Amino acid sequence: RKLLIMKTIFLLFISILAVAVLPAQPNFTALQLNPVYPGQNSGVEFVYNQSLSSLIRKEPIKVAVYLIGKEIKAMEPTLKHYGSNYKGWVQTDSTTNAIAFVFYAGEEKDVNANKGYVVPVYNNKKEPVSGYYGAAANLWGGGMSDYFLGIEANTGVALMVLEEGIAKDPQLKYDPEFLGNYFNFLSRAKKKEAKHLITKELQLFAAKPNLSEIDYTLIAQWYDRFKEKNVADSFRNIMKTTYPKGNWVKADATNALVLSLRAKKPADEKKAQVEEFLKQNSSDNQESIKEFLQQQVANAYVQEKNWKGLFEYAKNLTAASRASMFNNVSWNMAEEGIENIQEAKRMSYEATSWAENEVKAPTEKKPAMLTGLQWEEQRKRNFAMYADTYAFILYQNETYKEGLPYAKSAATYNKFADAEYNERYALLAEKALPASEAQKLIEGFVKSGKASAKTKAALKNIYVKEKGSDTGYAAYLTNLEEEAIIARRAEIAKGMINEPAPAFALKDFEGNSVSLASLKGKVVVVDFWATWCGPCIASMPGMKKAQDKYKGNPNVKFLFVDTWEKVDNKLQNAKDFMTKKGYDFHVLLDTEDNVVSDFKVSGIPTKFIVDGKGNIRFKAVGFDGNDDALVEELTTMIELAGK
C-alpha cells in the first residue's frame, strides 16, 4: 500500500563475492558449546568470549537463539557474565535441525565475518540430522538471513550446503521438500546449467515407485517453469487420477474462486462465494489466502460505495484482519482524493486505535519466530504505518491539529529516517504549528537528508510567508542540504567497488542488440526492474529525473533491464507498461533471466554503475521513497565512476 510495506515485503539480498563452504561441525573462535555435538531434545550450554569477538568492549551483551526446524522458534536465554565470558543455556526439541546464535550489543551484531553462528543438530552417530541441510540452506539463501542473523544472503552457499547433504546421504534427493529446495537454489546459483541438471534429476525422481501427491506436484511445477506444459499436464493428470480427493481439489477450487472474484458482480454475491468457500475449507490453516479473499470482498463494497455493507462485513473479521483491511482501503481512498473522506477517516481511526493498543497491551499472540524485542518493534512499525495513513487522511480533511500527533508518532517510531513519514509530519506541521517551530522541524529533515520534494516545498512556503518572497531561498536550502550531501557522498564513496561487469547483449523494443561492450568509455547505469515490482515502479520518477539530468551528456548511458517477467509476450508487456506510464527509458529485455543471474541480483530494483572500463563501481538495492535522494545518490556514483 506504500513504500514501507514494499520495502518490508520486498527482498533486499546482497551476494557475497567469495565464501567457503560451512563445515558440518563449525569451529567458532568466540563460541564454545557443551555438548560439542548438540542433539534433539537436549540441553545445550554455550559460552561466548566477548574478547575474541567483534563486540569487544561493548556492553551489555545479549543473545537471541533460533531453533530452526519446520518453523523457526526464537529464544532469549539469560546470560551469566564473568570476565569476558557470557554463559547461557538453551533446550532443543524433537524438530530442531539447526541452532543459530545471534550475539549483539545495542544495534550492533557479531556476524562472525559474515558466517554467523549456525550450528547443526546431530544424531547419535555425531552426524548432522537429515533436516539440517535444508534448514541451513534456507537460512543462508532465503529472505531471513539478514533479518535474523545480520548476515548477507548467498544462494551459492545455500547450494553448497545442500550438495554437502546429498554427498552424505544421496537418498535426500528423493525427499520432495529437500529436492524442491535444491532445485530452487540450483536454478538461482547456476542459471545456465540449471535446466539440464534439474531435468535429469526430475527424470530420476519421477522413476521412483509410489509417487505421492506432493511428488507429482513438484514434478509438474518444474516442467511448468521450463515451459514444457504437455509434460507438466501429463504428470498432473496422473496425480488427479491417483489421488482423486487430494489437496489439488482445494487448490483448484481456490484458483477458480479467485478468477470468479475478479469478474464484475455485486459485492454481496462475492461475499456469499467467499463465505461458502471458507465454510467448506474451515479446517485449512491458510490465513494469508483467507485475508486475500476477504480483501477482494471489501474492495467490491468500496467500488459500490456500499459503506453499510462494508462495515457489516468487517464485523465478522478478526480484529487484526479488520484493521489491516481498513488501513489498506482507507489509504487507497485518501490517495484518490477527498471524496468519501469521512468513511476513510472512520476506517483508519479504528485501525490506528487497534494498532496503538497492541503496542501497549497486545492481544495478538507473539509469533514463535520473533524475539520479544522483534515483536515489540513489529507492533510499533504496524502502528506507525496505520497512524501515518490516519494523518494523511486528516491532512486531506484539513483537520491539521488533529492529524499532527499521529504524524509525529509515525515519524518518531521510524526515528525520522523515513522521508515519506517525515513528509506527512512536515505538511501537517506547516499548517498546525507556529511558523518558527515548523521551520526548525523541517530544517532538521533537510539537514539529515530525509526530506522529500513535498517536505522542501512546505519549508519554502514557510520561508516565503516570513520573507515575503522566495528571494534567497535557493541559497538557504543549499546551505541546509550541504551537511547531508557531504555525509552521504562520503558514505557512498566507502561503498565503491571494482569488479568486472558480466558481458551481455540484449534486444531493445526495436529489436536492436545492445551490448555493454559497445558502451565502453561511458558510465553505464544498469537498472534491473519488472512491471510487477512495486518498488521499481515507485523509483521510476526519480530515475526519470536522474536520466534527464544527464540527457545531454554523451558519456553517461541509462539502461533499464526488464527481467523476471512471467507473462507470455514479454516485449508487448514491457512496451504497454512504458506507454501507459509515459517514460522514455531505453528498455532491454532479459527474456531468459540470464543477465540478472549473471549480475547475481537477488531482489529488484537493483542498480549497477559501470565505469568506462566495464567494471562495476557501485551497486544500489531497493528504493526508500525519496526521489531527490535517489537523484543525488546516482549523481555521486556516476561522478565517482567517471573519475
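Helix H4 (residues 155–168) and helix H5 (residues 176–189) have axes that come within 9 Å and cross at roughly 140 degrees. Here axes are lines fitted to C-alpha atoms over the stretch in contact, and angles run from 0 to 180 degrees between N-to-C directions. Helices are DSSP runs (H or I, at least four residues), numbered from the N terminus. H4 is therefore oblique to H5, a word for angles that are not under 35 degrees (roughly parallel), over 145 (roughly antiparallel) or 65 to 115 (roughly perpendicular).

This is a predicted model, in which local features need pLDDT of at least 70, side-chain atom pairs count only at pLDDT 80 or more, and totals for chains, interfaces and linings use all residues. Residues are numbered from 1 along each chain as its sequence is written, and side-chain values use heavy atoms, with hydrogens and water left out.

To see where the helices meet, look in H4 for residues including Leu 159, Leu 162 and Ile 166, and in H5 for partners including Phe 178, Tyr 182 and Phe 185. Contact means heavy atoms within 4.5 Å.

Now to the cysteines. The model has 1 disulfide, a pair of cysteine sulfur atoms within 2.5 Å. Cys 533 and Cys 536 form it, with their sulfur atoms 2.3 Å apart. The link of Cys 533 and Cys 536 is right-handed, with 80 degrees about the S-S bond.

| Residue | Relative accessible area | State |
|---|---|---|
| Cys 533 | 1% | buried |
| Cys 536 | 1% | buried |

Buried means under 20% relative accessible area, exposed over 50%, and partly exposed in between (1.4 Å probe, protein chains only).

Terms used
Helices (H or I, at least four residues) and strands (E, at least two) are DSSP runs, numbered from the N terminus.
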